[in-house]
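New page in the notebook. I have the sequence and the 3D structure open, and I'm jotting down what I look up as I go.

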Amino acid sequence: MAAVMRNVSGSNVEAQLIYAITLPVSCAIILINLLIILAITCNRQLHNSQNYFFLSLLVADLCTGVALPFIPWMGLNRPLSFSSCLLVHIFPNFLFLAFLFNLVLVHYERYRSIMSPLQRGQLWLHRRFVLPLLAVWMLPLLFALLPAFGWNNKRCCTYRSVFPNAFIYLEVYGLLAPAILSIAAMTLRVLWITREQLRDIQRLQRAVANRECRRRIEMRYACCVVAVSLAFLTCWVPYIVYTHVGMEFLLRRGGKSNRIGHIVLSCVGIGGIAVVPLLLGLANREYTDPVKKLFRKLRHRYRHRSVQMDTNFMHTSSSKSI
């Protein structure tokens, strides 16, 4: 009886910890994604293949934000039927894989546009943009459904019962690790190209002796490098740590595991990587300017209405006094 009470109290503490960490992050991710999605859909000038890719990423990030409070539960035992267990494990896994595939697609599209700026409209990504959009959603769905097709260890409702060891290794080292490495490689390549272009600009500016403009460009590039480094440290490093530590937690046979540590790492890791599209969207003025205009209109209407209410109140009070 005492052991049962300890298990119940431990489950309550774990649930409170999960919701305390994930709910604020999840609400912020959902709200910001909705604002940026609204800004893209309401502006017809942004209706092109590049922004369709980013819109798909925002939708995937929105779904990840909705599923974020449920992802840490995937590593914990729960008294569910096996069909329900498949659903609560496969669906969040599909959403996260779709988010990661969309993130790779957006980085690849921007990388190709920077590598071949004059041939941007001729790239197959832009001419047949529906195919990559279908691929980044259908391929994760097919992979995530493999346990439902029989690739599982049908026992109790645990992560390792739904996802066998071979499936976990294939997902982590066959999908997640190559995706992260490809994003890092494309980002470093873009920074290197930017550095080379900056040197060419500096050579031209030395001819006209424009030191102030040259210093401003160097400062802007330095800020860009610092922003990318901080984003990597705050968003990607916690997820990489969570992936490798989570592998040890999920594949451990017997012995005691640090469940609280796993919960904190999963919440911080998944939440951190889900912030990446928000940083990309907030850094683009094409997406933020319509939202700022909307807030200005709402604020102006609120002030105008409050002024009208004050004048009406003053008018009624003065008429009563008379």
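First, a term I need: helices (H or I, at least four residues) and strands (E, at least two) are DSSP runs, numbered from the N terminus. With that I placed Thr-22, which lies in helix H1 (residues 2–42).

Ground rules next. This is a predicted model, where local features need pLDDT of at least 70 and side-chain atom pairs count only at pLDDT 80 or more, while totals for chains, interfaces and linings use all residues. Residues are numbered from 1 along each chain as its sequence is written, and side-chain values use heavy atoms, with hydrogens and water left out.

Then the whole chain. I found 11 helices and 0 strands in the protein chain. Buried (under 20% relative accessible area, 1.4 Å probe, protein chains only) describes 38% of its 322 residues. I also looked at contacts (heavy atoms within 4.5 Å): among those between residues at least 6 apart in sequence, 77% join residues at least 24 apart.

Back to Thr-22: is it buried or exposed? Thr-22 counts as buried because its relative accessibility is 1%. What does Thr-22 touch, leaving aside neighbours within four places in sequence? I get Leu-68, Pro-69, Pro-72 and Cys-267.

Cys-267 took me to H9, where it is one of the buried residues, as are His-262, Ile-263 and Ser-266.

Technical notes:
Buried means under 20% relative accessible area, exposed over 50%, partly exposed in between (1.4 Å probe, protein chains only).
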